[in-house]
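Reader: I would like to learn how to read a model of this kind, one feature at a time. Could we go through it together?

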Amino acid sequence: MVIKGVHRYKPTEDEFRHTLEIQWGRDLSWWRQKLAGRKVRKHFNQLYLVEVFFESGLPRPFDWGMITQNVPNVHPSNRQVPWDEQQVGADPKEWAFVFHCLDLSLPLSTPMGDLELPNPSPMPNQLMRIRYEVPG
């Protein structure tokens, strides 16, 4: 597995509103709306789309939950794992997934070993169709 790219996810206005509603509810007071907006912005600032390439194709079976970051002082059961992984286009070797709270200074820990993250780059056209689905 090779990491092809790391791209900050920029939500549409609808995605932002939907995420705010899911995480905070509806009919918020002015003050709660401001607080919720700040928290949702922080949520999206830590959200990345990671693009990977499997040189021999995606191993079957493959447990996406085995990809994480070994964040110090965070118990392994509380560490982030890929979210909403999906094949990119028609090539069964190319995949992308969302990663919450990605620490760009730490490698991804994978079944194939630790993989250093490249610097974030602009979202490539082939990934523009991917829409974020908020957990909840």
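Reader: Let me begin with accessibility: does D27 count as buried or exposed?

Author: A residue is called buried under 20% relative accessible area, exposed over 50%, and partly exposed in between, with a 1.4 Å probe and protein chains only as cover. D27 counts as exposed because its relative accessibility is 79%. This is a predicted model, in which local features need pLDDT of at least 70 and side-chain atom pairs count only at pLDDT 80 or more, while totals for chains, interfaces and linings use all residues. Residues are numbered from 1 along each chain as its sequence is written, and side-chain values use heavy atoms, leaving out hydrogens and water.

Reader: Where is D27 placed among the elements?

Author: Helices (H or I, at least four residues) and strands (E, at least two) are DSSP runs, numbered from the N terminus. D27 sits in the loop between helix 1 (13-24) and helix 2, and its phi is near 55°, a positive value in a residue other than glycine. N73, in the loop between strand 2 and strand 3, also has a positive phi, near 65°, and counts as exposed because its relative accessibility is 84%. In helix 2 (residues 30-45) we find R41, which counts as partly exposed because its relative accessibility is 44%.

Reader: What is the order of the elements along the protein?

Author: From the N terminus the order is β-α-α-β-β-β-β-β, which amounts to two helices and six strands.

Reader: Why is strand 4 described as largely enclosed?

Author: In a regular strand, side chains alternate between the two faces of the sheet. Strand 4 (residues 94-100) is largely enclosed by the rest of the structure because seven of its seven residues are buried. Both faces are covered, with E94, A96, V98 and H100 buried on one side and W95, F97 and F99 buried on the other. Over the protein, 40% of the 136 residues count as buried.

Reader: Which strands are joined to strand 4 by bridges?

Author: Two strands pair if DSSP finds at least two bridges between them. Strand 2 (residues 47-53) runs antiparallel to strand 4 and is joined to it by seven bridges, with Y48 having F99 as its bridge partner. Strand 3 (residues 83-87) is also antiparallel to strand 4, through three bridges, and there Q87 stands opposite W95.

Reader: How many residues lie between strand 3 and strand 4?

Author: Six residues lie between these two strands, which form a hairpin, and G89 in the turn has a positive phi of about 65°.
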